[in-house]
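Colleague: I would like a close look at a single part of this protein, taken slowly and with its surroundings. Please walk me through it in one connected answer.

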Amino acid sequence: MLQHVKCERDAIVTRYLSPTNTRGSRIKAVVNGRQITLPYDHALTPDGNHYAAARKLAGHDNLVGGCIAPTSRAWVVMS
């Protein structure tokens, strides 16, 4: 049986957004109603782009994350 566990930290979720006719590729980071969208930096790896967006939203460099779908990642701040 699953038990509810209270989390001390909320996960930042980053997602790749495909280019449109008017915008290039982007990475969107969301946590607790706050969000940012950064242009995709082709000089970085896909994970590097996700990490950069999560880091900017968190205001922290000490993040741990992983892939939750082919175009999405989840991150938590480690203290």
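In which strand does Thr14 lie?

Modeller: Please bear in mind that this is a predicted model. Thr14 lies in strand β1, which covers residues 12-17. Thr14 has a relative accessible area of 0%, and since buried means under 20%, Thr14 is therefore counted as buried. The side chain of Thr14 is in polar contact with the side chain of His50, at 2.8 Å. Leaving aside residues up to four places away in sequence, Thr14 touches Ile27, Lys28 and Ala29, then His50, Ala53 and Ala54, and also Thr71, Ser72, Arg73 and Trp75.

Several of these neighbours return when one turns to the nonpolar core. The largest nonpolar core has 10 residues, namely Ile12, Ile27, Ala29, Val31, Tyr40, Ala53, Ala54, Leu57, Leu63 and Trp75. Two or more residues of this core are given by each of β2 and α1, the latter spanning 46-58. Ala29, a member of the core, is in contact with Thr14 itself, and its other contacts, again not counting residues up to four places away in sequence, are Ile12, Val13, Arg34, Gln35, Ile36, Ala53, Ala54 and Leu57.

The strand that holds Thr14, β1, belongs to an open sheet of 5 strands with antiparallel pairing, in the order β3-β2-β1-β5-β4. The edge strands of this sheet are β3 and β4 (63-69), each of which pairs on one side only, and the twist from one strand to the next averages 20°. Strand β5, made of residues 72-77, pairs with β4 in the antiparallel sense over 6 bridges; Arg73 in β5 is the bridge partner of Cys67, and Arg73 is also one of the residues that Thr14 touches.

Strand β1 also carries one side of an aromatic pair, out of a count of 2 aromatic pairs. The ring centres of Tyr16 and Tyr40 are 5.7 Å apart and the ring planes stand at 90°, so this pair is edge-to-face. Because Tyr16 lies in strand β1 and Tyr40 in the loop between β3 and α1, the pair ties together parts that are 24 residues apart in sequence. Tyr16 counts as partly exposed at 27% relative accessibility, whereas Tyr40, at 18%, counts as buried.

For contrast with the buried Thr14, consider Asn32, which is placed in the loop between β2 (26-31) and β3 (34-39). Asn32 counts as exposed, at 59% relative accessibility, and has a positive phi of about 50° although it is not a glycine.

Definitions and conventions
Residues numbered from 1 in each chain as written. Predicted model: local features only at pLDDT ≥ 70, side-chain atom pairs only at ≥ 80, totals over all residues. Heavy atoms only, no water. Helix = DSSP H or I, 4+ residues; strand = E, 2+ residues; numbered from the N terminus. Buried < 20%, exposed > 50% of the residue type's maximum accessible area, 1.4 Å probe, protein only. Polar contact = N/O pair within 3.5 Å; in protein donor to acceptor, adjacent residues only side chain to side chain. Contact = heavy atoms within 4.5 Å. Core = buried A, V, L, I, M, F, W, Y, C linked by side-chain atoms within 4.5 Å. Pairing = 2+ DSSP bridges. Axes fitted to C-alpha atoms, helices over the stretch in contact; angles between N-to-C directions. Phe/Tyr/Trp six-rings, centres within 6.5 Å; stacked < 30°, edge-to-face > 60°.
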